[in-house]
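I opened the file to go through its side-chain contacts. My notes follow.

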Amino acid sequence: MKAVVERAQRTTPQIMVVEDDGELRYGLSSALREAHFDVLEAASCTEAVNVFCASLPDAAVIDLRLPDGDAVDLLPRLRSVDDSVPIFIMTGHGTIDVAVRAVKEGAEDFLTKPFEMRSLVEIVGRAVERRRGRQASKLSRFAILPFEPRSAAMRLLEDEVERLRDSDCSVLLLGETGTGKSALARRIHALGARSKGPFVDVNCAGLNREFVESELFGHEKGAFTGAHVSKQGLLDAAHGGTLFLDEIGDIDLQVQPKVLKVVEEKRFRRMGDVKERSADVRLLAATHHDLLAATSRRAFRADLYYRISTVTLTVPPLRDRREDIVPFSLHLLSTLGAGDISLSTGAEVRLLSHPWPGNVRELKNVLERSLLLRTGNVIRASDVRFDQHAESAAAIPTTESTRTSSQTLQDVEREHIQRALEAERGRVEAAARRLGIPRSTLYQKVKTYGIQVTRIRMTVPRRLGERDSD
């Protein structure tokens, strides 16, 4: 209790340095003291536990190998005393397995020697600021949720997200297209210590290597044809906040080593520049692909996968959280400016009985359509209409399934795109959103498959009040 009171009254943060090499310990301590930190020193696991319990430092920097033990094994002992203290592990013998184990045990970061003292001081300083910000303002549970989840699947996911509140580790979000992975990424950012920092969202699907590199890392003047001026990258824009790489499974293989360097070393280099820059960002990533299977096909780097999947969260499809469909529908109606609109019992039954292959994205489209069809302030069962192919999917006989299985992948994709365009009355931008792909990618596929968008617009009736947007 005395240590807690003393820490609360401190004006200068205390950093514990645990290193058995006297010269290196002196160098680390000196660099931190020059940055106006108070430094507590220890040379072994036993000394570290004693110093930690007696003083409760604001952060700790610990060498991996110590005379009487291993820093990763020391982590649970320190975190059992105070799990809010950011702990950095440094080593000259780092491996991916050890780094993953350290982060899973609660390490703030894993630093590979040699490193610049200035970089270490900056990283530790930012961690201390984030910790103090967390202590000053704790968000209440469900404070930023649109509604409190009722389904067991979403409550379990909420519990997992809650455990990340005081963490700064990378998180990989898995789930079908349209389940709300982007919304969950924003929630994780808002709950964390970086909530006051920027949240930068990058969709990697369908982007070529040059575009990803230029947008992500930035470029210098003359780096390539058309680079008439220097350009700041999204990593610069996300400094001090969170970088969310949506559909990371589609990122080019040649770009992946550079992303790995950002995750491991917090460093990157702009295109056409020789100088490295620091990247104080938290990485969140999402995909609907099986990345582990992709690593076995060498379609995705195994080292990058293990770095970004320290914590993996799976967003359940809407059909597996039916208890949430009605309250979520009411929330979506309020976001559409129809908060005074209610659902009849029949409408609720229709919503609950649908398989929702398009998940949350499809639910929003159905509700928008229902608002146009309704009369009065109640959406009735007759107003809830699904796409024809979705409504008939459950009624497809076995013979049809057999026929479909004989189609090529290209045939299936062409039919799927055709149906999406018909459902959106030929509006390419809306169809691209429905399919979860960039508009440029859909235009390319329309051209490849020879789909007549103009004919679809002419033959499919337009909805009430609808205007062409493409």
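**Charged pairs**

I looked up Lys261 and Glu265 and found their side chains joined in a salt bridge, 2.9 Å from N to O. I counted a salt bridge where a side-chain nitrogen of Lys or Arg is within 4 Å of a carboxyl oxygen of Asp or Glu. This is a predicted model, where local features need pLDDT of at least 70, side-chain atom pairs count only at pLDDT 80 or more, and totals for chains, interfaces and linings use all residues. Residues are numbered from 1 along each chain as its sequence is written, and side-chain values use heavy atoms, with hydrogens and water left out.

I placed Lys261 and Glu265 in helix 11 (residues 256–265), four residues apart, about one turn of the helix. Helices here are DSSP runs (H or I, at least four residues), numbered from the N terminus. Lys261 is partly exposed at 26% relative accessibility, and Glu265 is partly exposed at 43%. For these labels I used a 1.4 Å probe on protein chains only: buried is under 20% relative accessible area, exposed is over 50%, and partly exposed is in between. I also traced a network of salt bridges that links Lys261, Glu265, Arg267, Arg269 and Glu276.

Next I checked Glu429 and Arg439, whose side chains form a salt bridge at 3.7 Å, N to O. Glu429 lies in helix 20 (residues 428–435) and Arg439 in helix 21 (residues 439–449), so the pair ties together parts ten residues apart in sequence.

I then took Arg165 and Glu162, a salt bridge with its closest N and O atoms 2.9 Å apart. Arg165 is buried at 9% relative accessibility, whereas Glu162 is partly exposed at 25%. My search of the whole structure gave 22 salt bridges.

Terms used: Helix = DSSP H or I, 4+ residues; strand = E, 2+ residues; numbered from the N terminus.
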